[in-house]
Amino acid sequence: MTEPAPQSPAAVLWDMDGTLLDSEPLWDIAMADLALRHGIVMSPALRESTLGNSLPDAMTKVYVAADVAPEAQDRDGDFRWLLDHVADLFGAGLPWRPGARDALDLIAAAGVPMVLVTNTVRELTDIALGTLGPDRFSATVCGDEVAHGKPAPDLYLRAAELVGVRTGACLAVEDSPTGTVAATTAGCPTLVIPSAAPVPPGSLRTFRESLVGLSLDDITDAWTGQHPGHRSDLRDMPR
């Protein structure tokens, strides 16, 4: 195993759903069923608004759309129902996103630590790690292990802390608007691979259509801001 190149990020922080695993279609099913449970049909706009959200935030958006009064919301019951439903869907099989497995292997071979950073709760993440392989990651941090999930920066701040580096020394890899906001707010240069929803351009963001064919130069360019899709100047970012 080789050591990371001097100009490579100190760590790569990976989102899970929609970035490494093609699990968003399974979440589509679960969220649509939650909406039906509350008497509405999940619209495309409502589904898009929940992409990358923590479960409590996604549930809140369904409650608002269904006009469920606060006193009528069974948050604990719906949370448990949703966890069990998604666990069944995950257990039936989780496909990889294109190029994701090769990208993990590439970065691992370069000796760069990786952290899994997901809004998904630990109970479901542990199921997904059966596909991803827990040994690939130096650490994992989940949405129920911080005070606030994405789009708040807490998950990325915690991930950088777990590997002992500054957020500016890390490269995040995200697919959703919510996750991208979380990563860039934390100060992480972010490689964005949009999947189910478009991500607008902005500070600290480099865009790529797919992880297929990803190279170490692509990783370095995204981190240093040399990629032509980048929209910010990283000269003052902490390393």
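This is a predicted model: local features need pLDDT of at least 70, side-chain atom pairs count only at pLDDT 80 or more; totals for chains, interfaces and linings use all residues.
**Entry 1**

Six strands form an open sheet, and their order across it is 3-2-1-4-5-6. The pairing is parallel. I noted that strand 3 (139–142) and strand 6 (205–207) are the edge strands. Each has a single partner strand, so one of its sides has no neighbour in the sheet. From one strand to the next I found an average twist of 20°.

**Entry 1: strand 2 and its partners**

I then went to strand 2, residues 114–118. On one side I found strand 1, joined to strand 2 by three bridges, with the two running parallel. Here V12 stands opposite M114 of strand 2. L116 is opposite T140 of strand 3, and T118 has C142 of strand 3 as its bridge partner.

Is strand 2 enclosed or open to the outside? I found five of its five residues buried, so the strand is largely enclosed by the rest of the structure.

Helix 7 (residues 154–163) lies across strand 1 (11–14), strand 2, strand 3 and strand 4 (170–174). Its direction is at about 160° to strand 3.

For helix 8 (residues 177–185) I listed the buried residues: T178, G179, T180, A182, A183 and T184. What covers them includes helix 7, strand 4, strand 5 (190–192) and strand 6. Just after the end of helix 8, I found G187 with a positive phi of about 100°.

**Entry 2: helix 1 against helix 4**

Helix 1 (residues 24–37) packs with helix 4 (residues 75–91) at an angle of about 145°, and their axes are 10 Å apart. The crossing of helix 1 past helix 4 is right-handed. From helix 1 the contact takes L26, W27, I29, A30, M31, D33, L34 and R37. From helix 4 it takes G77, D78, W81, L82, H85, V86, L89 and F90. Sorted by kind, the residues of this contact are eleven nonpolar, two polar and three charged. I also noted the general rule that an α-helix has 3.6 residues a turn, so residues three or four places apart point the same way.

**Entry 3: the cysteines**

How many disulfides are there? I counted zero. To see why, I looked up two cysteines, with 2.5 Å as the cut-off between sulfur atoms. For C142, the closest cysteine sulfur is in C188, and at 17 Å it is too far for a bond. For C188, the closest is in C170, at 5.4 Å, which is also too far for a bond. C142 has 0% relative accessibility, so it counts as buried. C188 is likewise at 0% and counts as buried.

Conventions: Residues are numbered from 1 along each chain as its sequence is written. Side-chain values use heavy atoms; hydrogens and water are left out. Axes are lines fitted to C-alpha atoms, for helices over the stretch in contact, and angles run from 0 to 180 degrees between N-to-C directions. Helices (H or I, at least four residues) and strands (E, at least two) are DSSP runs, numbered from the N terminus. A crossing is left-handed if the near helix is turned anticlockwise from the far one by less than a right angle, and right-handed if clockwise. Contact means heavy atoms within 4.5 Å. Ala, Val, Leu, Ile, Met, Phe, Trp, Tyr, Cys and Pro count as nonpolar, Asp, Glu, Lys and Arg as charged, and the others, Gly among them, as polar. Two strands pair if DSSP finds at least two bridges between them. Buried means under 20% relative accessible area, exposed over 50%, partly exposed in between (1.4 Å probe, protein chains only).
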